[in-house]
Amino acid sequence: MTSQHERAVAFATLHQSGTFVVPNPWDAGTARILTAYGFPALATTSAGLAFALGRQDGANLVSRTETLANAAQIAAATHLPVSADLENGGPAVADIAMTIREAAASGLVGGSIEDATGLPGAPIFSLAEAVERITAAVHAARDLPFPFTVTARAENYLYGRADLRDTITRLNAYAEAGADVVYAPGLPDAEAVRTVCAAVDRPVNLLAAGFVLNHSVEEIAQWGVRRISLGSAMARTALGALVAGARELAQCGTFGFATHAIPYREANALFPPG
């Protein structure tokens, strides 16, 4: 895949049959590493980027400019299709079309738009406004010269709204608005996942978190899921190793953590010389 159009077609095609995993790098280096392991596509992580910038995730603490600059570095580091976590696309509906256009200009072939507001008192957009926002994203995507994959996210379960009926209503409304893929992170169990997959006429993305971690890709595929993403899991795994090493060094004055580090030559060989 050499052109953005080819990557876009390949990414869209991946959703048509079977189940695939899309891991989430947070910079160019991790994108190169994940590319080498044969994954068919990559996706950015808003939390991974926030942590790398020394910030908390959420509440739009990372700007669109920062998000897309990071996405551009990741897209430039791989020949694979890259989709991005675009959060809610911007504070106003009018911002969303620009977000999609700038995402495409950054080398991306897809992006997710969520229905979270970033406001503590009212964390989820009304259904009507959420549909309007997805519609704006879809219209902007359809104006591009390649098939930009729009993923619509229903964030209920991440914000304490454990309402499966409303979540399915939202996902169906987003599909009706033209979303290519739907995504409800935080679903509570496999039965809920099966119910969503059966109820929505679009490929479903599933976040590998919580109970999902106890199941294999093969098992998840049987639930009807088309795409599995890892969110911030890999970034947090890396942070976990760093924190454990720092804790050992600070509290014990020992260096046992370094015995688990990848050898320098092996690490250096992961990346091209120029």
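Helices here are DSSP runs of at least four residues, numbered from the N terminus. With that in hand, here are the views of this predicted model.

**View 1. Thr67 sits in helix H4.** This helix spans residues 64-76, and Thr67 is part of it. Is Thr67 buried or exposed? Its relative accessibility is 12%, so Thr67 counts as buried, the cut-off being under 20%.

**View 2. The surroundings of Thr67.** Leaving aside residues up to four places away in sequence, Thr67 touches Leu49, Val62 and Asp85. Take Leu49 as one of these partners: 18 residues separate Thr67 and Leu49 in sequence, while their C-alpha atoms are 7.6 Å apart in space.

**View 3. Two cysteines, Cys197 and Cys252.** Cys197 has a relative accessible area of 15% and is buried. Cys252, on the other hand, counts as exposed, at 55% relative accessibility. How many disulfides does the model contain? The count is zero, where a disulfide would need a pair of cysteine sulfur atoms within 2.5 Å.

**View 4. The whole chain, for orientation.** The protein chain has 11 helices and eight strands. Its radius of gyration is 19 Å, close to the 19 Å given by the globule rule for 274 residues, so the chain is as compact as a globular protein of that length. Along the principal axes, the C-alpha atoms fill a box of roughly 55 × 40 × 35 Å. Of the 274 residues, 47% count as buried.

**View 5. The surface and charges of the chain.** You will find 18 positive and 25 negative side chains, with the centres of the two sets 2 Å apart.

Terms used. Residues numbered from 1 in each chain as written. Predicted model: local features only at pLDDT ≥ 70, side-chain atom pairs only at ≥ 80, totals over all residues. Heavy atoms only, no water. Buried < 20%, exposed > 50% of the residue type's maximum accessible area, 1.4 Å probe, protein only. Helix = DSSP H or I, 4+ residues; strand = E, 2+ residues; numbered from the N terminus. Contact = heavy atoms within 4.5 Å. Rg over C-alpha atoms; globule rule 2.2 N^0.38 Å. Lys, Arg positive; Asp, Glu negative; His and termini not counted. Charge placed at Lys NZ, Arg CZ, Asp CG, Glu CD.
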